[in-house]
Amino acid sequence: MALTLRRRRATEVTTDEKIRIRSVESIDVTVMIGSAISSFALTQLLYETFLPLSGALGYIVVWYALFLAISWIAVRELRGTVRAKDHLARVVVWSGASLAIVPLVLIVLYVIGKGYHALRPQFFTQDQRYVGALSDATEGGGSHAIIGTIQQVGIASLIAVPLGITTAVYLNEVKGRLAKPLRTVVDAMSAVPSIVAGLFIYAAWILALGNQQTGLAGSLALSVLFLPTVTRTAEVVLRLVPGGLREASLALGGTEWRTTSRVVLPTSRSGLVTAVILGVARVIGETAPLILTVGGAFIMNWNPLSGKQDSLPFFVFRLIRFPQESQIARAWTGALVLMILVLVLFVIARAIGGRGPDHIGRLKKWRLQRKGLA
Amino acid sequence: MTDLQITTPVPTVGSSTAVVDDETRGAAGLTAKNVACWFGTKKVLEGVGLDMAPGQVTALIGPSGCGKSTFLRTLNRMHELVPGATLAGEILINGVDIYRGAIPVTDVRRRIGMVFQKPNPFPAMTVAENVVSGLKLSGLKVTKSEREDLIESCLTKAGLWNEVKNRLGDPGRALSGGQQQRLCIARSLAVSPQVLLMDEPCSALDPTSTRRIEQTISEISESVTIVIVTHNMQQAQRVSDRCAFFLAAENEPGRIIEEGPTKDIFTNPRDSRTEDYVNGRFG
């Protein structure tokens, strides 16, 4: 044994062939396949011959439980208890993760399947102006809802992002006396049901102050939901900035504000982008706060400050309840477009600010070179 | 090397509150009188008095937990950043109290710079940006050509220029550990401090980088007073003019046991505990 080992090393060391690190050994695969087959056979036997059982879900559960038990025994016989536990944990984690992805994939595929029929270029350019009860699903479009969503979420982020990051800075950098109660308030805000946010804006902004239902009113309702998400995420992100960097900045004679604005915030830039993304994700699919505030519309309204607007979730909510097939198809297309919109926004956000603090983009490089800093 | 000090541009102070005069230029003397420190109710330092003469290198030595880093942090008002930390006594720069005097805390810290144990270049800045970051952070304004000169002269003084002159646009953290620490020294020098505090600056570095930093210390010590905390006895002997030995008995605050010229501390200590420590018998 020792002799063969030495000889192999002597011949292989001279080549540059890289070692292939295998995380799963072939024996494991064999055990898995064997366990799967034998547990399947056993389940089949139980269901068809011995027990009065039926039903697909129970079948799968029994199969999975038997699979775990059989592979546990097999690995324990081959490798001992410690390895068997490791194997079991790996299988459970893998199957849990796969199971979690299933509904996500199903939702996406389902919406694509339902929505792509009526997805035509004019969905992005036309509104529902000339759509009648008997119009085909491919006629008209949802551009008014797309513009509404973009404007409402845009204005909501203009309100909530600066406010949220400022609050996070107060909670984590200033650490003022109000930090603790403020954190409680923010936590309570994140638990506000979205319909309550809509009711609040409806009562306070529209009824009490006498404003109209507008895109802006919708934005206000959305920012109530947006703010706590951004604040708490940004706070966690700021906490991750090493204290040594703050000390280094202060030791150079930096003021608190410059330490925050020039060191802490730039260092946590990609995390702050994540905070914004999570905030947008929180509100972009909201329907309830918009029902009372934006009013809904079938035609394009470019002005978020005046007149009713539509939004994609609201568009879906209204159209899906129509009796006509064509309207229902349009609603699904609206849902699909909403998903695409979210995807596009997130990709853009990642591209703009998602890289780590070490990343130097083209724009920054140009700016640095102009200042003689690169 | 000596002509570099002449080419170093003098940044003009942008804020109107700061007074620019000779008092804020060149190596300054630092004096601690009867300093005591607490973390919460725990007293960690007591009756510390020390004179750090202009242009000299003072080494603070002693076993872990004796309060030398705490003392160092009182010298540029970093101690107070720890929640619950308090102190008593006087710290004077050129005779002016840094706690009760008229000098704003940001000016205190600009005039008394600090290099930390762990290299901590700003991750979101390039090598060049890191060097001049102190100017931005403390509101000092320079022209583009002054900035370029400052970057070169500070990196040269820190012994880093030749290694990074073609990498000025790289992120600060792309450098090796030793280079990062020298970048931090260059960063501290860029705001022309009168005193530079160094808290075990070589403890995370390899021997070559350590030697390079010791060389840097001896090169810059003419124009800036240096106070260095070190656990390395040889380093203390190599770089320092004077030495202060700190010691804390169990459950008691740390004190200075002995203080004097480095040669005396190492070859002819007055206190037996100093002798035991510098000869490696404890600590």
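Tutor: B:T58 stands opposite B:V227 in β10(B). That pair belongs to the pairing of β4 (residues 57-61) with β10 (residues 225-229), both of chain B, which is parallel and has four bridges. Two strands pair if DSSP finds at least two bridges between them. Strands (E, at least two residues) and helices (H or I, at least four) are DSSP runs, numbered from the N terminus.

A word on the source. This is a predicted model: local features need pLDDT of at least 70, side-chain atom pairs count only at pLDDT 80 or more, and totals for chains, interfaces and linings use all residues. Residues are numbered from 1 along each chain as its sequence is written, while chains are lettered from A and ligands numbered from 1 in the order in which they are written.

Now the whole sheet. It is open, with six strands in the order β7-β9-β10-β4-β11-β12 of chain B, and its pairing is mixed. The edges are β7 and β12 (255-261) of chain B; each has a single partner strand, so one side of each lacks a neighbour in the sheet. Ignoring direction, neighbouring strands are turned by 15° against each other on average. Helix α7(B) packs on this sheet and touches β7 and β9 (195-199) of chain B; its direction makes about 170° with that of β7(B). Contact requires C-beta atoms, placed from the backbone, within 7 Å. Axes are lines fitted to C-alpha atoms, for helices over the stretch in contact, and angles run from 0 to 180 degrees between N-to-C directions.

Go back to β4(B). It is joined to β11(B) by four bridges, and the two run parallel. B:T58 turns up here too: its bridge partner in β11(B) is B:R242.

Follow B:R242 onward. It stands opposite B:P261 in β12(B). Six bridges join β11(B) to β12(B), this time antiparallel.

Look closely at β11(B), residues 242-247. Six of its six residues are buried, so the strand is largely enclosed by the rest of the structure. Buried means 20 or more other C-beta atoms within 10 Å of a residue's own; 12 or fewer is exposed, and in between is partly exposed. Both faces are covered. B:R242, B:A244 and B:F246 lie on one side, with B:C243, B:F245 and B:L247 on the other.

The buried residues include B:V127, B:V131, B:L135 and B:S138. After α4(B) comes B:G139, which has a positive phi near 80°.

Note on methods
Two residues are in contact if their C-beta atoms, placed from the backbone, lie within 7 Å.
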